[in-house]
Amino acid sequence: MKTITVLGATGSIGQNTLDVIARHPHDFRVFAISGHANLPLLVTSAVACSARYIVISNESSYAALKDLMSEANCHSEILVGAKALEQVSSAPEVDTVMSAIVGAAGLLPTLAAVKAGKRVLLANKESLVMSGELFMNAVREHKAELLPIDSEHNAIFQCLPANFEYAELQRSGISKILLTGSGGPFRTKDLDTFESITPDQACAHPNWTMGRKISVDSASMMNKGLEFIEAKWLFGLKESDIEVVIHPQSTIHSMVQYVDGSVIAQLGNPDMRTPIAYGLSFPERIESGVEPLDFASLADFSFTKPEKQRYPNLYLAIDACKQGQSSTTVLNAANEVAVQAFLDAKISFLDIARINQETLQQLEYIELDSIAQVIEHDSLARRIANTILGKLL
Ligand SMILES: NC(=O)C1=CN([C@@H]2O[C@H](COP(=O)(O)OP(=O)(O)OC[C@H]3O[C@@H](n4cnc5c(N)ncnc54)[C@H](OP(=O)(O)O)[C@@H]3O)[C@@H](O)[C@H]2O)C=CC1
Ligand SMILES: CC(=O)[C@@H](O)[C@H](O)COP(=O)(O)O
Ligand SMILES: [Mn+2]
């Protein structure tokens, strides 16, 4: 029996995680779940999975949560604040932590799980984008077990040889990592019409059902840029080892190309319960609730290169990755500010890349030698991005 904490339990990944866990009541028990604004779902989830602890970010939600809990006859214990997230991620009873808070807020609780040597199921790609080298050093130092949940990285993990050693592509005969992306809902949309894109249009992903922030990132392909950086740190890659390929059907979740001409791909229906189940049960396999692929009804597989003009955010991210940690931290922060402003209908879809680019230009590159410096630099980038945003309003 494994004991699990689910950070971000009210989100898309969090709910899929609880769904997989509920299918295996003899294998997994839930220790703690966390949520932020969606208190009703937090309470129904806590009742359904019998969570011992519920963690919320803000004291201001406490009274409303208490009321909802007594109405639902929910007996979980409430913990509040950033330190409580770290506490339930590092508690001795916990074996596995699902890191599924969206954005920079996920970094410290995920690191707490790493430092406690847990099995960490990493959906929160922002942790690696913000602090890749420091994060991976902590994984090694504390002997944590880091398993990728992001579908592409989970696919790559499945396609690598079992004896793959970090950064040793040549030794395993690997010539390239092929990172696939759908191209999002605007892959064929006339570029002249981009200024009028609405948040709901951007969130209507052709294949995946996800939270609104990552959905906007998929539409701009910033998601693939963040994943490029994530792949670099997870597997110890050079930028030249990674090629981004548009595959609109999202059936192939990524591939590894070998020097003998073989390409090993991981395929499946676009449903996050597959990588979640793999992370929970690794190295075993468990049932996840995902429908098997029906090859007879699959549409053609197609592949193209991502156009620079259509996806400027992807290329900003690849350039930032080449520059190093300071640039990817700045880009992530600027993008979080810009995407939120777009979702709040304050700026246009095209303004997201404008804010990202200008923030990167305004901040000098510095070495970030500690997590405290990463967080300080993230705050500085948010202030600059907000100033640029203010001029657009
Ligand atoms: N969805 C997907 O299929 C995939 C997601 N990912 C990554 O997984 C992570 C989660 O994505 P997704 O599930 O789609 O996102 P959602 O927006 O659906 O869920 C985000 C979760 O984080 C919580 N949250 C939001 N803000 C804060 C905060 N400031 N402090 C603490 N908790 C907070 C939310 O709580 P509440 O809802 O209660 O406000 C919710 O539980 C992201 O990093 C994303 O990039 C990666 C691959 C695929
Ligand atoms: C499900 C998942 O892993 C997402 O990150 C997905 O990759 C989004 O689709 P895009 O390929 O369009 O970014
Ligand atoms: Mn992904």
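Author: One term to begin with. A residue is buried if 20 or more other C-beta atoms lie within 10 Å of its own, exposed if 12 or fewer, and partly exposed in between, with C-beta atoms placed from the backbone.

Reader: Is Ser 250 buried or exposed, then?
Author: Ser 250 counts as buried because it has 20 C-beta neighbours inside 10 Å. Ser 250 sits in the loop between β9 (242-246) and β10 (252-258). Helices (H or I, at least four residues) and strands (E, at least two) are DSSP runs, numbered from the N terminus.

Reader: What is the phi of Ser 250?
Author: Ser 250 is not a glycine, yet its phi is positive, about 50 degrees. Most residues other than glycine have a negative phi, and most peptide bonds are trans.

Reader: What about Ala 167 and its phi?
Author: Ala 167 has a positive phi near 70 degrees. Ala 167 lies in the loop between α7 and β8 (174-181). Ala 167 is partly exposed, because 13 other C-beta atoms lie within 10 Å.

Reader: Which residues does the cis peptide bond join?
Author: Phe 282 and Pro 283, with omega about 5 degrees. Pro 283 is in the loop between α11 and α12 (312-323).

Reader: Before I go on, what are the ground rules?
Author: This is a predicted model: local features need pLDDT of at least 70, side-chain atom pairs count only at pLDDT 80 or more, and totals for chains, interfaces and linings use all residues. Residues are numbered from 1 along each chain as its sequence is written, while chains are lettered from A and ligands numbered from 1 in the order in which they are written.

Reader: Ligands, then. How many residues surround ligand 1?
Author: 27 residues, and the closest are Gly 8, Gly 11, His 36, Met 210 and Gly 211. Being near means that a residue's C-beta atom, placed from the backbone, lies within 6 Å of the molecule or strand.

Reader: Which helix gives the largest share of that shell?
Author: α1, with three residues. Both α1 (12-22) and α9 (212-220) supply at least two residues each.

Reader: How do the residues of that shell divide by class?
Author: There are 12 nonpolar, 11 polar and four charged. Ala, Val, Leu, Ile, Met, Phe, Trp, Tyr, Cys and Pro count as nonpolar, Asp, Glu, Lys and Arg as charged, and the others, Gly among them, as polar.

Reader: And what surrounds ligand 2?
Author: Its shell includes Asp 150, Ser 151, Glu 152, Trp 208, Asn 223, Lys 224 and Met 272. By class, the shell around ligand 2 has three nonpolar, six polar and three charged residues.

Reader: New topic. What domains does the assignment give?
Author: Domain 1 (2-149), domain 2 (156-269 + 292-297) and domain 3 (324-392). The bounds come from an automatic or database domain assignment. Domain 1 and domain 2 each put at least three residues into the shell around ligand 1.

Reader: How many residues of domain 1 are in contact with domain 3?
Author: 10 residues of domain 1 are in contact with nine of domain 3. Contact means that the C-beta atoms of two residues, placed from the backbone, lie within 7 Å. Helix α6 (residues 126-141) gives the most to the domain 1 side, with seven residues. By class, that side has five nonpolar, three polar and two charged residues.

Reader: Where does α6 bend?
Author: At Gly 132, by about 105 degrees. The bend is the angle between axes fitted to the seven residues ending there and the seven starting there. Gly 132 is also buried, as are Phe 135 and Val 139, among others in α6. Just after α6, Lys 143 has a positive phi of about 55 degrees.

Reader: What does Glu 230 touch?
Author: Leaving out residues up to four places away in sequence, Glu 230 touches Lys 125, Leu 128, Val 129, Asp 150 and His 153. Glu 230 is in helix α10. Glu 230 counts as buried because it has 26 C-beta neighbours inside 10 Å.

Reader: Last one. Where is Asn 269?
Author: In the loop between β11 (263-267) and α11 (273-281). Asn 269 is partly exposed, because it has 15 other C-beta atoms within 10 Å.
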